[in-house]
Amino acid sequence: MKKVSILCDALPREIEVCGERFGIITDFRRWILAVDAFGDREIPDTMTKIRCVTMLVCPELWRRIRAGEKFPAEFYTELAIELLRFASCGEELSKTGNVDGGRGERSFDFTQDSEVIFASFMETYGIDLTLSRMHWWKFTALLRNLPEKCGFMRIVQLRRCDTSRIEDDSLRRRIRRAKAAVRIR
């Protein structure tokens, strides 16, 4: 997948796996479900997660899998890479890192934070996410660029706050309590 300019290029609507092109559902709601499915610790193995995500975003491929078509292991490896590349909006996977900047902790959860994400989009952009059909890459660009003052970004900043660097004991305790109140469950 080549680097795409969200301003000048058509956003992708398919992925290529082992030389074969597959149409994908690009609506942000499906990709939120896919991201949640891939991160779900109750789904036991990578293959099950890939199939779960495929069901959500690659309808033609899912139909072929359900019909019993067999694909080699390298197909699923490449499929996983292409799905992750699409989920990261075409960025090279080595450059994307974690949403928290690499500490391994998540700084937001689409399900837990859905109301504050909705409110932040409404406040900042005037977009009602319950009514909008939006490509995953557009949604992600808007989410990444919400202003620091909106509710969602304040929660993300609080979760990212490293309290070990705060010298004032009273302030450190208050921030730890606030972090506990908004921690991802």
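Predicted model: local features only at pLDDT ≥ 70, side-chain atom pairs only at ≥ 80, totals over all residues.

Student: Which residues of helix H3 are buried?

Tutor: In H3, residues 59-66, they are Leu61, Trp62, Arg64 and Ile65. Buried means under 20% relative accessible area, exposed over 50%, and partly exposed in between, with a 1.4 Å probe and protein chains only. Helices (H or I, at least four residues) and strands (E, at least two) are DSSP runs, numbered from the N terminus.

Student: Why do they line one face of the helix?

Tutor: Seen down the axis of H3, the buried residues fall within an arc of 160 degrees, so they line one face. That arc is taken from the directions from the helix axis to the C-beta atoms. The face turned away from the buried side carries the exposed residues Arg63 and Arg66.

Student: What covers the buried residues of H3?

Tutor: The cover includes strand S2 (20-23), helix H2 (46-57) and helix H4 (73-87), where contact means heavy atoms within 4.5 Å.

Student: Now the charged pairs. How many salt bridges are there?

Tutor: The count comes to eleven, a salt bridge being a side-chain nitrogen of Lys or Arg within 4 Å of a carboxyl oxygen of Asp or Glu.

Student: Which residue does Arg64 meet in a salt bridge?

Tutor: The side chain of Arg64 meets that of Glu60, at 3.9 Å, N to O. Both lie in H3, four residues apart, about one turn of the helix. Arg64 counts as buried at 19% relative accessibility, while Glu60 counts as partly exposed at 35%. Glu20, Glu60, Arg64 and Glu69 are linked in a network of salt bridges.

Student: And Arg159, what does its side chain meet?

Tutor: Arg159 forms a salt bridge with Asp113, at 2.7 Å, N to O. The pair links distant parts of the chain, 46 residues apart: Arg159 is in helix H8 (residues 151-160), and Asp113 is in the loop between helix H5 (93-96) and helix H6 (114-125).

Student: Are those two buried or exposed?

Tutor: Arg159 is buried, with a relative accessible area of 8%, and Asp113 is buried, with 3%.

How values were computed. Residues numbered from 1 in each chain as written. Heavy atoms only, no water.
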